[in-house]
Amino acid sequence: MIPAKAYAALDAKSPLQPFSFERRDLRADDVQIRIHYCGVCHSDIHQARNEWGGSMYPMVPGHEIIGEVVGVGSAVTQFKVGEKVGVGVMVDSCCNCKSCNKDMEQYCEEGMTGTYNALERDGVTIAQGGYSSQIVVKERFVLHLSDKLDPAAAAPLLCAGITTYSPLRFAGVKAGQKVAVVGLGGLGHMGVKFAVSFGADVTVISTSPKKEADAKRLGAHHFLLSTDKDAMKKHAGHFDVILDTVSANHDYTDMLDLLDLEGKLLIVGLPSEEPSLSPFSLITKRRSIIGSMIGGIKETQEMLDYCAEKNIVSEIELIPVNYINDAYERMIRSDVKYRFVLDMSTL
């Protein structure tokens, strides 16, 4: 077994604290990674505090992992010691179902294995995530990272990046289209960067007028205050695609009414209550609502390569590992622009 140091949640109420555990020995198709950076996702808070239910403890969160290969199994062919790599939201799947065979392992019919707070394929071992010194991952679920990318700022691409890239690609966003991004947080700011890079005319929709300056700095061409009813009415039927990243409870009808003929509302946020919507807003212009969850490994690699080509990374605040509990409280207050990343050399 491989010893590892980490920060873990031992229960739903206690602060995260130092924790030691063991990773499995390398199997033939495994890659051993020394973790350098790990992004902090809002879902880490939900799961560490059991806000979604079903949390398993002890829990080492973290699924936006950047590190260096320090060991490979005997059958590994795609990675070598010393290479910079990434690991995202999943570390395994059945690898044989219809979805997996289409390179969409995130929709595995047996259920993907999450990087943490999930049982590994043996049904017994709890998978532990990236707030740790090392991780051992099946080769298929490891990603190449270009030297062109700042590794710390690239970490959130493994979740926030692919979560927004995948639906925008699925919707076929291209130059000249009118695209709106709802919410300017960890997900939203990546959605803006991608939509702008695809050549779209991009609007940020927010409840906060304070977000306008940052929206423009990130490349958005316009800003729409969602609490301004007159402005919202003026934009009725205006957009081809809307990417909704908001996890606060809100009415999807307001967004649907902003879509043009055959417009697409892409949902990546997770409100705690079931959202309401009017079927009339769907049928009057043949609009559609599309859900999306991260991306498969092939698409995630495509996204990382695209980011290297276009010099796209996340806006981050790099923090020591022992600041994690303060970071959680600041994230709840939306006091971060736009993603915390743990410097694992401070573990």
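A residue counts as buried when its relative accessible area is under 20%. Keep that cut-off in mind for these views of a predicted model.

**View 1. His63, tucked into a loop and its contacts.** His63 sits in the loop that runs between helix H1 (42-48) and strand S4 (65-72). Its relative accessibility is 6%, so His63 counts as buried. Who does it touch? Leaving aside neighbours within four places in sequence, His63 is in contact with Cys38, Cys41, Ser43, Asp44, Val87, Gly88, Val89, Thr115, Tyr116, Leu158 and Cys159.

View 2. Look for Tyr107 in the loop between helix H2 (98-101) and strand S7 (113-114). With a relative accessible area of 34%, Tyr107 is partly exposed.

**View 3. The largest cavity.** The count comes to one cavity of 30 Å³ or more. The largest cavity has a volume of about 70 Å³. Its lining is made up of Gly88, Val89, Met90, Leu143, Leu158, Ile162, Ile294, Gly295, Ile297 and Thr300.

**View 4. The second largest pocket.** This pocket has a volume of about 360 Å³. There are 21 residues in its lining, and Arg24, Glu120, Thr125, Ala127 and Val136 lie nearest its centre. Strand S2 (17-23), strand S6 (90-92), strand S9 (126-127) and strand S10 (134-138) are the elements that each give two or more residues to this lining. Which of them gives the largest share? That's S10, with four residues.

Technical notes. Residues are numbered from 1 along each chain as its sequence is written. This is a predicted model: local features need pLDDT of at least 70, side-chain atom pairs count only at pLDDT 80 or more; totals for chains, interfaces and linings use all residues. Side-chain values use heavy atoms; hydrogens and water are left out. Buried means under 20% relative accessible area, exposed over 50%, partly exposed in between (1.4 Å probe, protein chains only). Contact means heavy atoms within 4.5 Å. On a 1 Å grid over the protein atoms alone, a cavity is a set of points where a 1.4 Å probe fits but cannot get out, and a pocket is an open set with protein on both sides within 12 Å along at least five of seven lines; lining residues have an atom within 4 Å of a point. Grid points are joined across faces, edges and corners, and a volume is the space filled by probe spheres set on the points.
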